[in-house]
Amino acid sequence: MSTTGSRGPGLPGGDARISTDALLALVAGGDNDAFAQVYDALSPGVFGTCLAVLRDRDHAAEVTQEVMVEVWRTAARFDPELGSARGWVVTLAHRRSVDRVRSVQAQRNRDQRVLDEQGERPFDVVAEEVEGNLDRDRVRQCLDGLTATQHEAVTLAYYGGRTYREVAEHLSAPPATVKSRIRDGLIRLRDCLGVAT
């Protein structure tokens, strides 16, 4: 890019290939034209570095802008004896990209903790346990209200997981009698528990 025509006060008139290091020194002095050339020369590499770390074009574009603003503000910190302008700016880009990854992950962790805390409702768990205990107590009381033969038949069938035939064999009673006991017992349980039919 030629520096003639719109060159700033520090740009040499005839050198179209002034080094980025030298341009960065001019940026440190507040030279806008030098910064435009630094931006054109280095922003594609900055974007590539950001994209490699962030894997997201929008985030990479944002961080690229942040890095280039940082270059404008802190150009005086650049020391050519420690490395090239390109190396310095790419290092800034890498650091800022890693910071963005950490920031995004930290936000995700905070959001997850909030969701986890919202999901953990101790009073809901307690309420469910209390309700379950009350239901079991009511069922026990209603079972105790059955006749001994109904209680035994219902318990074997529903808590023992046995068929009518297995209950009949266990009780040495005819299957029809067992069916009748279970049916009558269930009707009494339903009435006791207030279950609508």
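User: Is Trp88 buried or exposed?

Analyst: Trp88 is buried, its relative accessible area being 18%. Here buried means under 20% relative accessible area, exposed over 50%, and partly exposed in between (1.4 Å probe, protein chains only). This is a predicted model, in which local features need pLDDT of at least 70 and side-chain atom pairs count only at pLDDT 80 or more, while totals for chains, interfaces and linings use all residues. Residues are numbered from 1 along each chain as its sequence is written, and side-chain values use heavy atoms, with hydrogens and water left out.

User: How many aromatic pairs are there?

Analyst: A pair of aromatic rings is described by the distance of the centres and the angle of the planes. Rings of Phe, Tyr and Trp (its six-membered ring) pair if their centres lie within 6.5 Å; planes under 30 degrees apart count as stacked, over 60 as edge-to-face and the rest as tilted. The count by this rule is three aromatic pairs. One of them joins Phe35 and Trp72: the ring centres are 5.2 Å apart and the planes stand at 65°, so this pair is edge-to-face.

User: Which parts does the pair of Phe35 and Trp72 tie together?

Analyst: Helices are DSSP runs (H or I, at least four residues), numbered from the N terminus. Phe35 belongs to helix 2 (residues 32–54) and Trp72 to helix 3 (residues 57–74), so the pair links parts that are 37 residues apart in sequence. Phe35 is buried at 17% relative accessible area, whereas Trp72 is partly exposed at 31%. Together with Tyr39, Phe35 and Trp72 form one aromatic cluster.

User: How are Phe78 and Trp88 arranged?

Analyst: Phe78 and Trp88 form a tilted aromatic pair, with 5.7 Å from centre to centre and 50° between the planes. Phe78 lies in the loop between helix 3 and helix 4 (85–119), and Trp88 in helix 4, so this pair ties together parts that are 10 residues apart in sequence. Phe78 counts as buried, at 10% relative accessibility.

User: At what angle do helix 2 and helix 3 pack?

Analyst: Axes are lines fitted to C-alpha atoms, for helices over the stretch in contact, and angles run from 0 to 180 degrees between N-to-C directions. The angle between helix 2 and helix 3 is about 140°, and their axes are 8 Å apart. Contact means heavy atoms within 4.5 Å.

User: What contacts does Glu70 make?

Analyst: Glu70 is found in helix 3 and is buried, with a relative accessible area of 19%. When neighbours within four places in sequence are left aside, Glu70 is in contact with Ala75, Leu92 and Arg96.

User: Which residues does a disulfide join?

Analyst: A disulfide is a pair of cysteine sulfur atoms within 2.5 Å. The whole structure holds one disulfide. The disulfide joins Cys142 to Cys192, with 1.9 Å from S to S. The link of Cys142 and Cys192 is left-handed, with -75° about the S-S bond. Cys142 lies in helix 5 (residues 122–144) and Cys192 in helix 8 (residues 175–193), so the pair connects parts that are 50 residues apart in sequence. Cys142 counts as buried at 6% relative accessibility, while Cys192 is partly exposed at 43% relative accessible area.

Key. Helices (H or I, at least four residues) and strands (E, at least two) are DSSP runs, numbered from the N terminus.
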